[in-house]
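This briefing covers the fold of one protein chain. It goes through the domains, the sheets and the helix packing in turn.

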Amino acid sequence: MSLSSNINIFKSIVRNIDTSGYSFVFIFHLSENNHPYLKYWLQHVDNLGVVSIPYSELPNVRFSIEKTTKVYTPALNEIPNCIFQICQDNSDKKIVLVEIGGYSAQVAHLLDNVVLAVEDTNQGHWNFENNTDKLTFPVVSMAQAHLKKLEDHLIGDSIVYSTQMLLRKYFKQDYVLGKRVLVLSYGGIGSSVCKSLKALKADVSVYDIDPLKQAQAYFEGFRIVKKIDALSTANIIIGCSGKQSIKFNELRFINNGALLVSGSSKQVEFPYDKIKEHIVRNQGVELDEVKVAGKNFFIAYKGQPINFLHDSALGDIFEIQMSLLCSCIEYGLKSKLKPGIYNIPIEYQRAIAKQYVERKISRI
Ligand SMILES: NC(=O)c1ccc[n+]([C@@H]2O[C@H](COP(=O)([O-])OP(=O)(O)OC[C@H]3O[C@@H](n4cnc5c(N)ncnc54)[C@H](O)[C@@H]3O)[C@@H](O)[C@H]2O)c1
């Protein structure tokens with residue numbers, strides 16, 4: 001154990017990429033875990049600034065990054081336009097976008113001077129896929145990489161940890177043990193949340209729109225259910241689908257007093273725009289109590305991914321993920337790719353894993 005983290009794998013990858021002639025724009029979480037990586041990166045590349053993703057921003061991290069570069073702080077739905085403006089204002093530059101969320105996808109056809117984007121998350125990967133016809137530049141994605149999957153169970157633990165923290169703080173020091181928890185999705189994040197909850201002796205049910213995932217959940221020991229039936233009995237509902245897993249007209253089926261939690265991205269999981277018109281009481285940003293169609297229930301962190309309330313800290317795996325994002329740049333810049341979406345090749349993943357394993361391997 002050490003009080004400061006060793007991020008040497010990441011640093012060596014940053015130093016070895018030839019980025020001359022390119023200007024970088026980061027659309028990033030200004031969170032504690034990202035902080036050392038972003039800071040190092042900004043010192044080593046020509047950059048036009050950082051667009052902060054609002055739900056993960058920590059004031060001390062923003063303060064620190066602002067000493068190095070310009071920080072843009074648009075509202076979530078203004079981020080695409082903010083990226084467009086930065087590109088317009090720097091029309092003589094060849095721009096590389098470093099993305100967590102695919103925010104540039106919907107304005108991609110307007111970004112003439114972007115030469116490459118790299119993407120960290122599934123949500124971003126899907127955003128680019130849904131806008132492939134607009135792409136005028138290649139996107140190298142790590143979202144579906146083998147190495148990226150290694151973080152899923154840690155994210156699952158972080159989501160459950162933050163849920164427990166809210167139960168303690170607002171629900172008479174309660175915990176998940178014995179609670180009926182409905183998890184919406186059995187994908188990478190959803191299945192990890194299920195396993196983490198089970199270890200804490202929660203009573204877990206699963207709904208996924210994909211029958212293959214429902215079958216997998218069943219054979220991995222979980223109760224599979226119909227969504228509407230389970231909504232009416234669950235004490236806690238955790239959406240991890242990356243899509244809207246509960247429609248507004250389904251809220252009337254929710255169990256009175258239930259807690260709704262998102263473990264996915266942005267505000268996609270629940271129709272928060274409409275839910276917020278029904279708030280009866282709120283506890284700062286962490287918890288809203290709402291009344292919809294005669295049902296009283298709670299929604300955590302304005303429908304945003306709950307683990308960002310506690311910085312979603314993930315230890316060493318974070319270095320692997322940041323190193324992989326950096327390798328996406330290396331691959332993208334040297335491969336002369338046409339506009340389209342490309343997965344980071346396995347050899348880049350293996351090279352990072354090799355360095356990490358060498359650091360960790362036990363010497364007997
Ligand atoms: N909170 C975090 O820190 C964090 C970290 C990584 C990824 N994410 C986000 O979590 C989301 C899920 O990512 P993933 O890697 O698990 O994706 P995934 O593709 O592995 O899983 C998604 C699952 O959701 C299911 N699904 C889709 N629509 C559904 C619906 N309406 N109801 C129920 N199930 C539905 C799919 O069938 C699939 O099994 C993405 O938005 C991703 O970006 C969040």
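Which strands does helix H7 (residues 152-170) lie across? In this predicted model, H7 lies across strand S10 (236-239), strand S11 (259-262), S12, S13 and S14, and runs at about 145 degrees to S10. The protein is divided into domain 1 (8-149 + 314-360) and domain 2 (152-310).

**Domains and their contact**

- The centres of domain 1 and domain 2, taken over C-alpha atoms, are separated by 29 Å.
- Across the boundary, 12 residues of domain 1 are in contact with 11 residues of domain 2.
- Helix H5 (residues 122-129) supplies three residues, the largest share of the side of domain 1 that touches domain 2.
- By class, that side of domain 1 has five nonpolar, six polar and one charged residues.

**The eight-stranded sheet**

- Eight strands form an open sheet with mixed pairing, in the order S9-S8-S7-S10-S11-S14-S13-S12.
- Strand S9 (223-224) and strand S12 (279-283) are the edge strands, and each pairs on one side only.
- Within this sheet, strand S13 (residues 287-292) pairs with strand S14 (residues 295-300) in the antiparallel sense, over six bridges.

**The seven-stranded sheet**

- A second open sheet has seven strands with parallel pairing, in the order S3-S2-S1-S4-S5-S6-S15.
- Its edge strands are strand S3 (71-72) and strand S15 (340-343), each of which pairs on one side only.
- Strand S2 (residues 47-52) pairs with S3 in the parallel sense over two bridges.
- Val51 has Tyr72 in S3 as its bridge partner.
- As background, strands of a sheet pair through backbone hydrogen bonds, either parallel or antiparallel.

- Helix H4 (residues 79-89) lies across strand S1 (23-28), S2, S3, strand S4 (95-99) and strand S5 (114-119).
- The direction of H4 is at about 170 degrees to S2.

**Packing of H7 and H8**

- H7 packs with helix H8 (residues 188-199) at an angle of about 60 degrees, and their axes are 8 Å apart.
- H7 is therefore oblique to H8.
- The crossing of H7 and H8 is right-handed.
- On the H7 side, the contact is made by Asp152, His153, Ile155, Gly156, Asp157, Ile159 and Val160.
- On the H8 side, the contact is made by Gly188, Ile189, Ser192, Val193, Lys195, Ser196 and Leu197.
- The residues of the contact of H7 with H8 divide into six nonpolar, five polar and three charged.

**Packing of H1 and H2**

- Helix H1 (residues 8-16) and helix H2 (residues 35-44) have axes that come within 10 Å and cross at roughly 20 degrees.
- H1 and H2 are therefore roughly parallel to each other.
- The crossing of H1 and H2 is right-handed.
- Phe10, Lys11, Val14 and Arg15 of H1 meet Tyr37, Tyr40, Trp41 and His44 of H2.
- The residues of the contact of H1 with H2 divide into five nonpolar, one polar and two charged.

**Packing of H12 and H13**

- Helix H12 (residues 317-334) and helix H13 (residues 346-360) pack at an angle of about 140 degrees, with axes 10 Å apart.
- H12 passes H13 in a right-handed crossing.
- From H12, Ile320, Ser323, Leu324, Ser327 and Tyr331 meet Tyr348, Gln349, Ile352 and Tyr356 of H13.
- The residues of the contact of H12 with H13 divide into six nonpolar, three polar and no charged.

Definitions and conventions: Residues numbered from 1 in each chain as written. Predicted model: local features only at pLDDT ≥ 70, side-chain atom pairs only at ≥ 80, totals over all residues. Domains from an automatic or database assignment. Contact = placed C-beta atoms within 7 Å. Helix = DSSP H or I, 4+ residues; strand = E, 2+ residues; numbered from the N terminus. Nonpolar A, V, L, I, M, F, W, Y, C, P; charged D, E, K, R; others polar. Pairing = 2+ DSSP bridges. Axes fitted to C-alpha atoms, helices over the stretch in contact; angles between N-to-C directions. Parallel < 35°, antiparallel > 145°, perpendicular 65-115°, else oblique. Left-handed = near helix turned anticlockwise from the far one by under 90°.
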